[in-house]
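Please read it alongside the structure.

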Amino acid sequence: MGIPFFRFIFRKMWNTRWLTLSTLLGLIVAVAFATSIPMYADGALKRVIAQQLKVDSESKPAGSLMMKYQGVPSNGNNLDGLLSVEKYIQENIPKTIGFPHDIFVQQYAIRPSNVTPVFPDKVDASRTRSLSIQSMSGLKDQNELVQGQWFSDKLTDKGVLEAVMIEEGMYRNDVHVGDLFYYRADNSKQIVVQIVGIVSPLDVSDAYWAQGIESQFGTLFVDEKLFQEEILKKQNIFLQSATWYYSFDLSTIKSSQINELASTLNRLDIELYQRLKDTKVEQSFAETLKEFRKQSNELQTMLFTLAAPMLAMVIYFIMMNARQSLDKQRSDIAVLRSRGAGTRQIVGMYVVESIMLGIVALVIGPLIGWYMSKSIGSADGFLSFVNRKSITIGFSVETIIAGVIAVIVALLATIIPAVQYARASIVSYKQDLARSDKKPFWQKWYLDIILVLVTVYGWYLFNERQLLTLNSGVSSDQMQIQPFLFFVPAIAIFALGLLCLRIFPWILAFCNWLGKRYLPVSSYLTLTQLSRSSKGYYPLMTLLILTIGLGVYNASAARTIDLNSTERTLYKNGADVIIQTNWGGIPEKITTTKPDEGNNGGNNGGNNGGNNGGNNGGNGGNGGGNGGGGGNNNQPQKLLYTEPPFEVFRSSPGVENATRVLQSKNNIIVSGKTVGKGTIMGIDNKDFYDVAWFGEDLYDVDPAYYLSFLGLAEHGALIPENIAEKYQLKLGDIVSVSFTDGTLEFTVQGIVPFWPNLYPDSEPFLIANLDYIYDQLPLIPYEVWVKMEPDALVAPLLENLAANKLDVVTWKDVRNDLLIQSKLPTRGGVFGILSLGFLVTIAVTLAGYLLYWFFNLSGRVVQFGVLRAMGLSKSQLTSMLLIEQILTAGLAIGLGFGIGKVVSYIFLPFLQSADNASEMVPPFRVIFQASDTNQLMLVVLVMMLIGATFLLLHIKKLKVHQAVKMGEER
């Protein structure tokens with residue numbers, strides 16, 4: 001391949017520059033989309049890791065690595081091996097791990113031994129003291145000297161070993177600074193140790209004390225160098241254990257580093273054992289890495305599965321463009337083939353061209369992918385991007401691999417048709433032109449029928465909950481985000497689109513037969529043109545059905561996930577803020593038994609208490625006496641509550657309104673039979689309506705309707721539909737509730753499907769007037785439900801309550817829960833991918849439509865010239881082409897909207913999780929937001945207008961004497 005070869009390629013690319021440019025743009029989008037996923041996953045993983053590290057580090061640092069040598073007495077000391085493993089741990093491991101470490105501790109210890117005082121008259125010799133001699137690196141930096149001095153790095157003139165002890169250990173062992181002890185290492189060797197100082201840890205929770213501070217209270221700490229030189233080498237005292245501890249900082253770890261780091265940790269045991277037997281990893285962060293890897297794989301798998309249909313759509317767009325370009329150049333290929341060019345040469349030409357475009361896409365695509373991944377990270381909902389702290393995103397090996405795979409797949413879609421065309425001669429090319437009405441391969445092999453059957457089987461697996469239980473799903477926002485719920489519906493949209501295209505020629509033929517006598521010439525010619533060459537319109541129609549269908553489905557899926565999870569959170573809490581204050585309580589004694597039984601109980605209690613008092617002391621006697629006295633009336637203690645001031649809540653800053661809500665667990669009784677223990681909710685009906693979250697379109701009638709009837713009778717109540725149906729309850733029936741202080745009767749004033757904060761499938765409930773309950777019973781503490789002003793903070797409210805001496809026991813802000821949900825990496829990834837996919841869908845739809853019609857019209861110049869020469873006016877030709885657009889693109893667009901909605905209604909209900917079916921309140925709804933449909937419709941309208949403008953301009957510029965000529969169409 002020389003310079004002429006590349007010159008020819010560049011000339012060919014320039015002659016088809018619009019198709020070349022569109023193919024390049026498609027490649028760039030494919031690479032950008034593919035690379036944005038591992039970029040986002042890597043950045044999101046850092047956020048997940050940071051949160052996980054914070055949780056894990058509450059007990060110990062998440063990056064802890066502890067290695068230990070446990071000596072065997074029969075083997076003696078292997079000082080060379082010890083030196084080797086020590087050097088490897090101190091020098092090689094930090095380099096191999098590749099992350100900075102906050103702490104390194106090396107600790108050597110000889111076995112504990114009973115020490116005896118050198119001067120028994122100065123130290124209590126009767127006490128048994130079992131102490132161990134150890135050396136520990138960094139001891140002076142982690143402790144403060146409380147008394148005495150630090151140990152020396154040499155023996156004293158009398159051969160005494162100086163040591164320090166932890167202050168608590170000194171108290172426990174009853175030793176003091178200056179005490180001398182004999183430490184017997186074995187039967188023949190003993191060491192004289194003097195305690196020269198007392199130290200106290202600066203921070204007992206520091207990772208430095210990874211083995212626990214308690215285990216160090218019986219330790220005599222000596223100088224590290226002296227321990228090795230004197231105890232191990234000179235006296236050859238048996239080393240019982242050696243421990244090395246690292247605390248690595250994993251906050252900067254990337255997903256691409258996890259596998260390599262895990263392999264390093266798995267290899268570590270072998271490396272240590274080869275240098276010194278009986279040395280092994282005692283504790284590592286391998287499990288933490290395993291969890292990181294699992295989360296990374298789950299996130300990337302889910303995002304790639306979500307993006308796969310959009311990527312397939314982009315690749316199909318590239319393939320369609322390549323096919324158009326090849327169709328335009330097919331005559332040139334046939335001529336080259338007939339003039340001696342080999343198949344390899346022709347294919348090589350297209351391979352080189354594709355590689356050149358692929359290289360450009362690999363350079364530009366990841367840069368755009370970087371911005372796309374940033375957009376994914378800022379997704380707060382579908383097509384909702386907010387300004388939040390951006391995640392750290394960088395290029396990794398996975399990013400490059402994803403981009404290369406996207407390019408290879410796209411290039412294969414371009415090169416495979418070129419191979420087919422390169423094998424054709426001018427004769428076979430003309431034969432193919434003459435057989436342009438033959439069925440496409442997918443119709444011959446019934447691919448559409450097969451895909452429909454695959455879709456039906458996928459629906460069956462969803463319905464049987466088999467696909468929903470696979471581990472590839474990621475739980476998010478109380479719902480199971482199952483990637484197959486985006487992959488299978490994409491196949492369904494494609495399959496149904498192909499099935500409709502199979503019927504398309506039959507519809508055209510029927511219309512042609514039906515209207516050939518009555519239709520005007522232009523319409524009849526349009527139907528004839530479409531009937532004879534319907535195969536040529538399949539690529540565009542398939543693209544439009546696929547893009548618009550996916551756009552409708554993804555938009556509905558995103559809205560459905562967002563709205564249902566948000567509504568479920570709002571329903572679970574009931575209001576913006578829930579506050580419980582401390583009501584206090586004064587003890588009161590209430591007689592609940594007969595006097596005789598009380599006296600008997602009191603006498604028995606007094607006698608038993610007196611006897612116990614005689615045996616066990618005065619307290620028992622007092623207790624018995626008290627028991628006897630109390631037994632006279634058998635009065636259990638009960639608290640009388642005083643209601644705190646309520647108006648403080650309403651007058652607090654940021655509060656729009658507040659209401660009292662009593663929730664009590666009691667037995668509900670119908671016709672003398674217990675329904676079971678349920679929740680009794682006492683409310684102030686008007687305030688409750690203003691504060692509580694009822695949602696939109698969740699009730700058949702406005703909830704104010706139920707509350708108005710509740711207000712008509714002070715003893716009125718609302719009950720759930722399932723209880724009314726089960727026990728045949730109707731309006732006006734009596735329902736009783738057994739409270740601690742008595743039984744109240746209520747009249748059924750309304751039957752509701754559900755109620756904020758209550759789940760009818762989990763337990764029965766009853767809604768009543770709070771004032772009626774308080775009129776009949778002593779006060780029971782209630783919660784305060786608060787509706788906040790938009791963007792108002794809770795802190796000023798809590799401060800105002802504290803200023804008014806209201807003690808807040810618990811409080812919950814549902815808006816904070818929603819904010820936490822919005823920041824979940826899984827949720828952001830789902831909405832980010834679906835949002836970008838929707839935008840890419842719009843771009844591909846517009847570009848594919850315009851490019852197809854532009855090149856379709858440019859290839860039919862001769863046909864239009866002939867029609868004009870035969871007498872068709874420009875208006876007739878225009879109407880003919882407009883009808884052609886409506887019957888092809890218009891029909892495909894309509895099918896796309898229709899199929900997208902049908903598939904949404906079929907598959908999106910499976911987003912419900914089977915695990916919490918009893919809490920699927922409010923009922924799951926499939927959402928279609930008008931703004932999303934309007935955006936798609938706007939794109940379609942603009943697309944059709946531009947297409948019509950192309951037609952008008954093309955026909956206006958058409959000159960019959962130039963169009964009708966000898967030669968090939970170009």
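T455 sits in helix α13 (residues 447–463); helices (H or I, at least four residues) and strands (E, at least two) are DSSP runs, numbered from the N terminus. Its relative accessibility is 11%, so T455 counts as buried; buried means under 20% relative accessible area, exposed over 50%, and partly exposed in between (1.4 Å probe, protein chains only). Setting aside neighbours within four places in sequence, T455 is in contact with I491, A492, A495 and F907. Contact means heavy atoms within 4.5 Å.

The model is predicted: local features need pLDDT of at least 70, side-chain atom pairs count only at pLDDT 80 or more, and totals for chains, interfaces and linings use all residues. Residues are numbered from 1 along each chain as its sequence is written, and side-chain values use heavy atoms, with hydrogens and water left out.

**The chain as a whole**

The chain has 30 helices and 26 strands. Of its 970 residues, 49% are buried. Take the contacts between residues at least 6 apart in sequence: 82% of them join residues at least 24 apart.

**Helix packing**

Two packed helices are described by the angle between their axes and the distance between the axes. Axes are lines fitted to C-alpha atoms, for helices over the stretch in contact, and angles run from 0 to 180 degrees between N-to-C directions.

| Helix pair | Axis distance | Crossing angle |
|---|---|---|
| α15 and α28 | within 9 Å | roughly 45° |
| α16 and α28 | within 7 Å | roughly 35° |
| α16 and α25 | 10 Å | about 155° |

Start with helix α15 (residues 521–532) and helix α28 (residues 874–907), whose axes cross at roughly 45°. The two are therefore oblique to each other; angles under 35 degrees count as roughly parallel, over 145 as roughly antiparallel, 65 to 115 as roughly perpendicular and the rest as oblique. The crossing of α15 and α28 is right-handed. A crossing is left-handed if the near helix is turned anticlockwise from the far one by less than a right angle, and right-handed if clockwise. From α15, the contact draws on S522, S523, L525, T526, L527, Q529 and L530. From α28, it draws on Q876, S879, M880, I883, E884, L887 and T888. By class, the α15 and α28 contact holds six nonpolar, seven polar and one charged residues. Ala, Val, Leu, Ile, Met, Phe, Trp, Tyr, Cys and Pro count as nonpolar, Asp, Glu, Lys and Arg as charged, and the others, Gly among them, as polar.

α16 also packs on α28, with axes that come within 7 Å. This crossing is right-handed. The contact of α16 with α28 has 16 nonpolar, six polar and one charged residues.

How does α16 lie against helix α25 (residues 814–822), and at what angle do they pack? The angle is about 155°, which makes α16 roughly antiparallel to α25. The crossing of α16 and α25 is right-handed. S565, T566, T569, L570 and N573 of α16 meet V814, D817, L818 and Q821 of α25. The residues of this contact divide into three nonpolar, five polar and one charged.

**Aromatic pairs**

The whole structure holds 28 aromatic pairs. Rings of Phe, Tyr and Trp (its six-membered ring) pair if their centres lie within 6.5 Å; planes under 30 degrees apart count as stacked, over 60 as edge-to-face and the rest as tilted. W442 and Y538 have ring centres 5.6 Å apart and planes at 55°, so the pair is tilted. W442 lies in helix α12 (residues 441–444) and Y538 in helix α16 (residues 538–573), so the pair ties together parts 96 residues apart in sequence. Both W442 and Y538 are buried.

F688 and W755 have ring centres 5.7 Å apart and planes at 5°, so this pair is stacked. F688 belongs to helix α20 (residues 685–691), and W755 to the loop between β23 (742–752) and β24 (765–769), so the pair ties together parts 67 residues apart in sequence. F688 is buried at 0% relative accessibility, and W755 is buried at 0%. F688, Y689, F694, W755 and W785 form one aromatic cluster.

**Single residues**

D174 has phi near 55°, a positive value in a residue other than glycine. D174 lies in the loop between α5 (167–173) and β7 (180–184) and is partly exposed at 27% relative accessibility. K805, not a glycine either, has a positive phi of about 60°. Its loop runs between α24 (795–803) and β26 (808–813). K805 is exposed, with a relative accessible area of 77%.
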